[in-house]
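Please look over the structure shown here before reading the notes. They are grouped by topic and are meant to be read beside the coordinates.

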Amino acid sequence: MAALAKIQPISQQGPVRDIASRPVLAAVKIFKGALLGITAAGFARPFATGDKMGGHAMDTVDNTDGGNGAVSVDASRGIYTLTVPVFDGVVLGDTGDDVTAVSDNHADLIKAVNTTDVVGKVSAVTVNGVQVTFKTFEVA
């Protein structure tokens, strides 16, 4: 699935999650609902393989003309559950399996080559989508 090109609606399950303000990498636009990656230098961007999982963007932020850290994005932080579109081939028996991120708009059950690509676990499979319990990198 391609990277986000518009706002991605997300459906939260459970209690209100913690919010973190994260400095944004230069020359990127992050759409509301995007899965955030945190680079080795600590800047947020749309998730890319090898990034740390930085949560989901709470708003759209445009830093296409700015330098590193010129703007910040509010993001979910900690452990939280969202309903996401159904992955190909997900069945009830996949509950508890690792979810890996491929891009800011694509998560799957494919086993990650890089362990930082594991972003959560399947917590339920419903007709409305897959509930994933995400865990950002700050949580031990």
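The model is predicted, not experimental. It contains one aromatic pair, formed by Tyr80 and Phe134. Phe134 also belongs to the largest nonpolar core, which has 16 residues.

**Aromatic pair**

- The ring centres of Tyr80 and Phe134 are 5.7 Å apart and the planes meet at 25 degrees, so the pair counts as stacked; the cut-off for stacking is under 30 degrees.
- Tyr80 sits in strand 9 (residues 79-84) and Phe134 in strand 13 (residues 129-135), so the pair links parts 54 residues apart in sequence.
- Both Tyr80 and Phe134 are buried.
- Beyond its neighbours within four places in sequence, Phe134 is in contact with Met53, His56, Gly78, Ile79, Tyr80, Leu82, Val84, Val119 and Gly120.

**Nonpolar cores**

- In the largest core, the residues with the most contacts inside it are Leu35, Met53, Val99, Val119, Val130, Val132 and Phe134.
- At least two residues of this core come from each of strand 9, strand 10 (98-103), strand 12 (118-126) and strand 13.
- A second, separate core has 13 residues, including Val24, Ile38, Phe43 and Ala44.

**Arg22**

- Arg22 is in strand 2 and, with a relative accessibility of 7%, counts as buried.
- A polar atom of the Arg22 side chain lies 2.9 Å from the backbone oxygen of Gly54.
- Leaving out residues up to four places away in sequence, Arg22 touches a set of residues that includes Ile38, Ala44, Gly54, Val71, Arg77, Phe137 and Glu138.

**Strand 4 and its partners**

- Leu35 and Gly37 point one way from strand 4 (residues 35-38), Leu36 and Ile38 point the other way, and all of them are buried.
- Strand 4 pairs with strand 6 (residues 52-56) in the antiparallel sense over three bridges, and here Gly37 stands opposite Met53.
- Strand 4 also pairs with strand 5 (residues 44-46), again antiparallel over three bridges; in this pairing Gly37 stands opposite Arg45.
- Strands 4 and 5 form a hairpin with five residues between them, and Gly42 in the turn has a positive phi of about 95 degrees.

**Ala27**

- Most residues other than glycine have a negative phi.
- Ala27 is not a glycine, yet its phi is positive, at about 65 degrees.
- Ala27 lies in the loop between strand 2 (18-23) and strand 3 (28-30).
- Ala27 has a relative accessible area of 53%, so it is exposed.

How values were computed:
Residues are numbered from 1 along each chain as its sequence is written. This is a predicted model: local features need pLDDT of at least 70, side-chain atom pairs count only at pLDDT 80 or more; totals for chains, interfaces and linings use all residues. Side-chain values use heavy atoms; hydrogens and water are left out. Rings of Phe, Tyr and Trp (its six-membered ring) pair if their centres lie within 6.5 Å; planes under 30 degrees apart count as stacked, over 60 as edge-to-face and the rest as tilted. Helices (H or I, at least four residues) and strands (E, at least two) are DSSP runs, numbered from the N terminus. Buried means under 20% relative accessible area, exposed over 50%, partly exposed in between (1.4 Å probe, protein chains only). A nonpolar core is a set of buried Ala, Val, Leu, Ile, Met, Phe, Trp, Tyr and Cys residues joined through side-chain atoms within 4.5 Å. Contact means heavy atoms within 4.5 Å. A polar contact is a pair of N or O atoms within 3.5 Å; within protein, one must be able to donate a hydrogen and the other to accept it, and residues adjacent in sequence count only if both atoms are side-chain atoms. Two strands pair if DSSP finds at least two bridges between them.
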